[in-house]
Amino acid sequence: MGFRLKVEGAETIELGMDNIQRVIYDTDTPDDSNARSTDVGSTLKISGKIITATDGDKADDTLKLALWSLVPAEKADCYRKLTLEVIAADQVVREITFPNAFVVDYKETFGDTEGVGTFELYVKQKKDKTELAKLNGGYDASN
């Protein structure tokens, strides 16, 4: 199984199979509701490894993720279109699209024995635009 992430905004951020190791999708509703709530949100937690540039290869886009996390709420570019594909056996099992995603938390971890660092990205779809979030799947991954 693998993952592909594309974030589109002032610049394009792309991470692929080598970077992303774990994804958690969550539909978030209040836990104290006694009926189906209209207060629904969608979140993604994406984690993986930071890959350093070697032998003339370009560096991965994790630095761009870190810079996106610093964009203040006053700037329109804090909201970007995010598309995540979950791929297994050359099939897209899930394609999750947040057209108005913003960064809630971003972390990078480095150690002197692990070698490559790791990252954790926590994003949400803008709550008043939750109905624009899409979940698709079941098609050829080569598209």
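Modeller: First, the classes: Ala, Val, Leu, Ile, Met, Phe, Trp, Tyr, Cys and Pro count as nonpolar, Asp, Glu, Lys and Arg as charged, and the others, Gly among them, as polar. This is a predicted model, where local features need pLDDT of at least 70 and side-chain atom pairs 80 or more, while totals for chains, interfaces and linings use all residues. Numbering starts from 1 along each chain, and side-chain values use heavy atoms, without hydrogens or water.

Colleague: OK. How many residues line the largest pocket?

Modeller: There are 14, and G16, D18, N19, I51 and D60 lie nearest its centre. A pocket is an open set of points on a 1 Å grid where a 1.4 Å probe fits, with protein on both sides within 12 Å along at least five of seven lines; lining residues have an atom within 4 Å of a point.

Colleague: And how does that lining divide by class?

Modeller: Six are charged, four are polar and four are nonpolar.

Colleague: Which residues line the second largest pocket?

Modeller: R22, I24, K45, I46, S47, D105, K107, E120, L121 and Y122. Strands β3 (20–28), β4 (41–49), β6 (91–109) and β7 (118–125) each give two or more of them. Strands (E, at least two residues) and helices (H or I, at least four) are DSSP runs, numbered from the N terminus.

Colleague: What about its classes?

Modeller: Five charged, four nonpolar and one polar.

Colleague: New topic. Which residues touch the most others in the largest nonpolar core?

Modeller: L5, W68, L82 and L84, out of 24 residues. The biggest share, five residues, comes from β6. Such a core joins buried Ala, Val, Leu, Ile, Met, Phe, Trp, Tyr and Cys through side-chain atoms within 4.5 Å. Buried means under 20% relative accessible area, exposed over 50%, partly exposed in between (1.4 Å probe, protein chains only).

Colleague: What does L5 contact?

Modeller: Beyond its neighbours within four places in sequence, L5 touches I13, E14, L15, I20, I46, L82, T83, L84 and L121. Contact is heavy atoms within 4.5 Å.

Colleague: Which residues of α1 are buried?

Modeller: T62, L65, A66 and W68. Seen down the axis of α1, they fall within an arc of 160° (using directions from the axis to the C-beta atoms), so they line one face of the helix. They pack against β1, β2, β5, β6 and β7.

Colleague: Last one. Where is K124 found?

Modeller: In strand β7. K124 is partly exposed, at 27% relative accessible area. Its contacts, leaving aside neighbours within four places in sequence, are S42, T43, F98, N100, A101, F102 and V104.

Colleague: How are K124 and N19 separated?

Modeller: Their C-alpha atoms are 20 Å apart, with the two residues 105 residues apart along the chain.
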